[in-house]
Amino acid sequence: MTGTPIKLFVSDVDGTLVRHDKTLAPATVDAFARLRATGVQATLISARPPSGMLALARALDIQGPLGAFNGGTILRADGTIESAQRLDPVAVRTALALLEQAGVEIWLFAHGLWYARSAEGIRVPHERLAANVEPTLVSGFDGLDQVDKIVGLSEDFAALERLEAVVSQAIGPAATIARSQPYFLDITAPAANKGDGVAAIARAAGIPLPQVAVIGDMPNDLPMFARAGLSIAMGQAPEAVRAAAGFVTASNEEDGVAAAIDRFVLRVELPV
């Protein structure tokens with residue numbers, strides 16, 4: 001256990017903070033209240049757009065900066081955008097062409113909207129809850145600018161992992177490419193990654209990274225694991241994610257965030 005006191009707790013959202021049905025457990029709300037009572041700031045970082053984070057921030061009484069689009073967009077709890085990292089147009093065209101060639105479903109986020117070709121996809125109902133917006137239906141994505149995120153979707157998880165490698169090789173340093181869920185391949189700006197995102201949040205909060213604790217469940221959380229003073233993986237996270245974390249807590253269905261706050265951040269001894 002690190003001897004450095006934690007002053008800022010940063011949580012991933014889907015697969016971490018919320019349960020599979022996208023709701024907050026009462027135990028999680030109570031744990032965030034315990035952080036406030038002891039003077040530890042808390043906030044969120046997520047692949048979600050800003051619209052999908054503000055209701056959670058209100059429910060948890062978060063006052064500090066939040067990181068949307070994997071940290072590419074830093075916003076206040078009132079919705080004001082402080083900064084935004086967006087994809088280069090050439091990278092957008094290249095990424096879209098590769099996703100089209102692979103035959104995966106595509107979503108694009110820009111101008112505060114979620115663009116999709118269909119509102120009937122298997123992941124659409126959960127995305128409505130996560131993004132807190134309705135999809136804007138389009139026939140194609142040509143002409144859309146100021147792109148915050150492109151998502152490739154597939155229920156063939158292995159194929160999506162292979163596609164991740166293909167897109168990464170083609171775009172290189174022009175984008176951050178990572179899976180935020182086994183079925184989501186996120187493509188964002190180079191600085192829109194959770195490592196740079198958590199560093200930006202810490203700077204805005206005036207807290208050095210060694211005094212920051214982070215928690216997550218997917219490979220796109222690994223960059224923030226590498227930057228923060230304390231890293232915690234969810235119990236259901238892939239083995240590589242658990243191996244990269246300093247500590248492992250219970251799953252998101254078992255109040256893992258609340259347990260991590262008490263055991264690793266506030267260091268309350270919990271019954272075994």
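Q: Hi! Among contacts in the chain between residues at least 6 apart in sequence, what share join residues at least 24 apart?
A: Hello! That share is 56% in this chain. Keep in mind that the model is predicted.

Q: Good to know. How many helices and strands are there in the chain?
A: The chain holds nine helices and 14 strands.

Q: What order do the strands of the open sheet have?
A: Six strands make up that sheet, in the order S8-S7-S6-S9-S11-S10, and their pairing is mixed.

Q: And which are the edge strands?
A: Those are strand S8 (136-137) and strand S10 (176-181), as each of them pairs on one side only.

Q: In what sense do S6 and S7 pair?
A: Antiparallel: strand S6 (residues 105-110) and strand S7 (residues 113-116) are joined over four bridges.

Q: Which residue in S7 is the bridge partner of phenylalanine 109?
A: Its partner there is tryptophan 114.

Q: Switching topic, why does the radius of gyration agree with a compact globule?
A: Because a compact globule with 272 residues would have a value near 19 Å, and the chain has 18 Å. As for its extent, the C-alpha trace spans about 55 × 35 × 35 Å along the principal axes.

Q: How many of the residues count as buried, in percent?
A: Of the 272 residues, 53% do.

Methods: Residues are numbered from 1 along each chain as its sequence is written. This is a predicted model: local features need pLDDT of at least 70, side-chain atom pairs count only at pLDDT 80 or more; totals for chains, interfaces and linings use all residues. Side-chain values use heavy atoms; hydrogens and water are left out. Helices (H or I, at least four residues) and strands (E, at least two) are DSSP runs, numbered from the N terminus. The radius of gyration is taken over C-alpha atoms; the globule rule is 2.2 Å times the number of residues to the power 0.38. Buried means under 20% relative accessible area, exposed over 50%, partly exposed in between (1.4 Å probe, protein chains only). Contact means heavy atoms within 4.5 Å. Two strands pair if DSSP finds at least two bridges between them.
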